[in-house]
Amino acid sequence: MLKNLVKNLSSIVPLSQAVLEAELLVEFISGYKKKDFILRPDLSLDKEQQDKLDCLMKKRLQDRIPVQYLIGEACFMGEMFDVNSHVLIPRPETELLVEEVIKSAKKMACPKILDIGTGSGAIAIMLKKLAAGCSVVGSDISLFALETAKANAKKLGVDVGFVCSDLFEEISGKFDIIVSNPPYIPQREKKNLSAEVLNEPSGALFTEDVDGVEFYDKIISQSRFFLEDGGYLFFEIGIHQSMLVRKLFENNGFSDIKIVKDLSKTDRIISAKCSYNT
């Protein structure tokens with residue numbers, strides 16, 4: 001059975017991904033893992049399970065719905081997060097963003113952190129879990145996304161505050177760190193994206209400007225009113241955007257600008273320090 005699933009899935013994704021997706025779908029439907037089929041070759045799905053699997057496979061192959069949405073979960077930094085069509089699927093690149101924020105947070109005493117555009121809550125929740133002593137607020141313009149984030153915080157047993165806000169509109173107080181993985185894909189890039197990505201919420205992906213930096217510009221220019229003196233602003237960035245965002249930081253008086261590459265040697269994380277005397 002797994003072999004047949006892998007064959008069908010490999011028509012739309014690489015073989016290694018097809019194997020993983022087949023295993024995820026079967027486990028979701030039946031609870032069986034790959035080892036169960038190895039130990040018991042006679043295992044099969046009952047009719048109800050098979051019908052459900054056929055339905056999910058149709059959505060995967062024909063509608064190109066990401067497998068994470070089909071099973072309702074995605075792994076991020078070793079934890080399973082509930083996901084749905086209202087939130088982006090957390091990606092490995094974003095784990096690097098969390099890791100970089102933690103490095104700075106550990107140098108502070110009880111840092112206050114704001115995560116703008118929290119979506120599933122993955123960034124905010126993992127910061128709360130891994131940066132000892134910090135307090136974290138996650139904001140999002142989508143009430144549906146916030147419901148998912150709240151459910152994930154409860155599921156993973158962490159205390160994160162959530163606020164419905166369009167960027168800083170409903171935010172009060174000051175923070176030691178502000179972090180965001182904002183929309184950064186220009187509309188013109190839609191034609192180059194996979195059908196799976198286009199099934200994710202467009203408001204969390206796309207910008208209206210040519211270079212995809214409109215949200216960086218808005219957040220950087222407003223963040224000085226919400227950052228403590230010496231506080232840091234962290235972003236995940238898209239390909240070819242590091243120098244554009246660096247310039248925005250410089251134009252707004254930020255210093256100590258740092259760019260971090262991901263495993264593919266692409267500029268992926270940028271951070272800078274807010275100083276009131278600059």
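## Helices H10 and H11

Tyr216, Asp217 and Ile220 of helix H10 meet Val245, Leu248 and Phe249 of helix H11, where contact means heavy atoms within 4.5 Å. By class, this contact has 5 nonpolar, no polar and 1 charged residues. The axes of H10 (residues 214-223) and H11 (residues 242-251) come within 10 Å and cross at roughly 20°, which makes H10 roughly parallel to H11 (angles under 35 degrees count as such).

## Basis of the model

This is a predicted model, in which local features need pLDDT of at least 70 and side-chain atom pairs count only at pLDDT 80 or more, while totals for chains, interfaces and linings use all residues. Residues are numbered from 1 along each chain as its sequence is written, and side-chain values use heavy atoms, with hydrogens and water left out.

## Nonpolar cores

The largest nonpolar core has 31 residues, of which Ile113, Leu127, Val179 and Phe234 touch the most other members. Such a core is a set of buried Ala, Val, Leu, Ile, Met, Phe, Trp, Tyr and Cys residues joined through side-chain atoms within 4.5 Å; buried means under 20% relative accessible area (1.4 Å probe, protein chains only). Two or more residues each come from helices H6 (92-105), H7 (122-130) and H8 (143-156) and strands E6 (175-180) and E9 (227-236).

Leaving aside neighbours within four places in sequence, Val179 is in contact with residues including Leu97, Ile113, Leu127 and Phe234. Another core, of 30 residues, lies apart from the largest one and includes Ile178, Tyr184, Val245 and Ala272.

Conventions
Buried means under 20% relative accessible area, exposed over 50%, partly exposed in between (1.4 Å probe, protein chains only). Helices (H or I, at least four residues) and strands (E, at least two) are DSSP runs, numbered from the N terminus. Axes are lines fitted to C-alpha atoms, for helices over the stretch in contact, and angles run from 0 to 180 degrees between N-to-C directions. Angles under 35 degrees count as roughly parallel, over 145 as roughly antiparallel, 65 to 115 as roughly perpendicular and the rest as oblique. Ala, Val, Leu, Ile, Met, Phe, Trp, Tyr, Cys and Pro count as nonpolar, Asp, Glu, Lys and Arg as charged, and the others, Gly among them, as polar.
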